[in-house]
Amino acid sequence: MENQSPTLTILKKVDEFFLISEIFASRKMAAMLALGFSAGLPIMLVYTTLSAWLREVGVSRTAIGFFIWVSFAYSLKFLWAPLTDRVRIPILADKIGNRLAWTFVAIIGVVISMVAMGFQDPSQNLQNVAICAIFIAFFSATLDICVDAWRVDAGEDKEQATLAAVYQLGYRFGMILAISGVLWVAQTTSWNIAYWCVAAIALVGASIPFWASRMPEPEAKPFKDIKWSRFAIIIPIIAVVLIFKKYADIGDLFYLILTVLALPFVFAAGLLIWGKTALSGSAIYEMPIVGDFADIVRRYGWLTLLILLIVMTYRISDYTMGVMAMPLYIDLGYDKGTIGQVKGLFGVVMLMVGAFAGGWSAVKFGLPRTLIVGAFLTIVTNLAFAWLAQIEAPLTHYLLVTIGADNLAAGFAGTAIIAFMSLLTNKDFTATQYALFSSLVAFSGKSLAGFSGALADMIDYQNFFIVTAMFGLPPLIAVIVSWQINLLERGKAKKAGQGSI
């Protein structure tokens, strides 16, 4: 643009570090910011904020820990992710595109579920609260699928770190409202009104799909043309969950989770040993989920095992620690207003600083080094909670130090792993493949996080946070190895054929 103003010139200089001008000058970046906000709004309502509500009404730490499993929708979203690529939403898809049509449907689902949660009382009926939380998580996870796919489709490889940072910024704005806003409203009125207020704001976000730019996307089909038998893989998974829910004890569930966590490694190894013929053909890539996973194996070979190790362990320390953070604040005597200001406003600002620092680091020093720094910071800053747990008086500046350090590291590491998964994703399988990666991140962390309350009851808060910090050692070693072997440059030339159903 000719004759640029001095202000725009200054913004372009600042952009080199904070990317500010790209957000306001680009429709793509503005849409990414808004979509990130919509995606970040509901997750805290079934995670951090809900934990505070449950602890305040006297729900045990063990039960709160298990309650995180209601958000398994985020971990299992790859099961229905193929629908967003392949199934066409009638009428709406013709107007705004199928990807954005699915986004609109997901936002409306979130709004309805939030309203329903506002009618609940966890002290009287915890089961109803869990059901509402499941629906919030389901529609929120569907929204994540759509937003992640739109983000990957919208940018070239060189833009992915920037888009990830902008996405994180919007996501954190949503989290500020879901934490500070909800806790403040709950402090001054009630938890019920707080959920209704957030639902009203989420409804405004339903306008985003109507002005966000349409991006190239896979050709979707009407419902009547879908071969639903190819989604039969979902049936045995649902059956196992229902059987264990009714008959299994906690010990059995723990072993089931360990078995499930091992399955991606076993499946990858099986394809490489016995499935080479299938990988070289085209039929396997027509299968939802299986084909998307097979494409990763074909492109990266045995390095798929290292990729799985990084993806499944990189955020596990934060997930397992995070469930008990809010109960810790409540038990130390901090009121909801103080927690909301520090964790919501200050904490999320530090998350945004960390997110932009992660994006800047990826551009300046490369993604492999950024992944290493993020893994190291996660270990160090998680230990801050062990320090906070031994301080008896509820002093705000201690809370500021702990939350500030932890959120800075979480934002940095979050941008790093998002950019990492984005670069590994084949754009022929955008929605399902990225959803598969992000589901592995969430499932591995949250499945173990469900036992965090029981562990905290066994060894007390201080030792609990020391143990969870040590969970960061395996991913630190794994990303160092990936840097040494130049993992991100592997597999780019290999692409499996695109299938359809």
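Predicted model: local features only at pLDDT ≥ 70, side-chain atom pairs only at ≥ 80, totals over all residues.
A residue counts as buried under 20% relative accessible area, exposed over 50%, and partly exposed in between, using a 1.4 Å probe and protein chains only.

Residues are numbered from 1 along each chain as its sequence is written, and side-chain values use heavy atoms, with hydrogens and water left out.

Start with the whole chain. Its secondary structure comes to 23 helices and 0 strands. Here helices (H or I, at least four residues) and strands (E, at least two) are DSSP runs, numbered from the N terminus. Of the 501 residues, 58% count as buried. The chain exposes about 20600 Å², and carbon and sulfur atoms supply 67% of that area. Accessible areas come from the Shrake-Rupley method with a 1.4 Å probe; for residues, only the protein chains shown count as cover. Now take contacts, meaning heavy atoms within 4.5 Å. Among contacts with a separation of 6 or more, 83% join residues 24 or more positions apart.

Next, find helix H4, residues 48-56. H4 is mostly covered, with 7 of its 9 residues buried. Among the buried ones are Trp-53 and Leu-54. Just after H4, Gly-58 takes a positive phi of about 95°.

A salt bridge is a side-chain nitrogen of Lys or Arg within 4 Å of a carboxyl oxygen of Asp or Glu. By this rule the count comes to 6. In one of them, the side chains of Arg-55 and Asp-331 meet at 3.0 Å, N to O. Asp-331 has 38% relative accessibility, so it counts as partly exposed.

Another salt bridge joins Arg-299 and Asp-295, whose closest N and O atoms are 3.0 Å apart. Both residues lie in helix H15 (residues 290-300), 4 residues apart, about one turn of the helix. An α-helix has 3.6 residues a turn, so residues three or four places apart point the same way. Are these two partners buried or exposed? Arg-299 is buried because its relative accessible area is 7%. Asp-295 is buried because its relative accessibility is 0%.

Arg-315 and Asp-318 form a salt bridge too, with closest N and O atoms 2.9 Å apart. Arg-315 counts as buried at 15% relative accessibility. Asp-318 counts as buried at 10%.

Now look at two helices that meet. Two packed helices are described by the angle between their axes and the distance between the axes. The axes of H18 (residues 336-365) and H19 (residues 367-389) come within 7 Å and cross at roughly 140°. H18 and H19 are therefore oblique to each other. Where do they meet? Gly-358, Ser-361, Ala-362 and Phe-365 in H18 meet Leu-367, Arg-369 and Thr-370 in H19. The axes are lines fitted to C-alpha atoms, for helices over the stretch in contact, and angles run from 0 to 180 degrees between N-to-C directions. Angles under 35 degrees count as roughly parallel, over 145 as roughly antiparallel, 65 to 115 as roughly perpendicular, and the rest as oblique.
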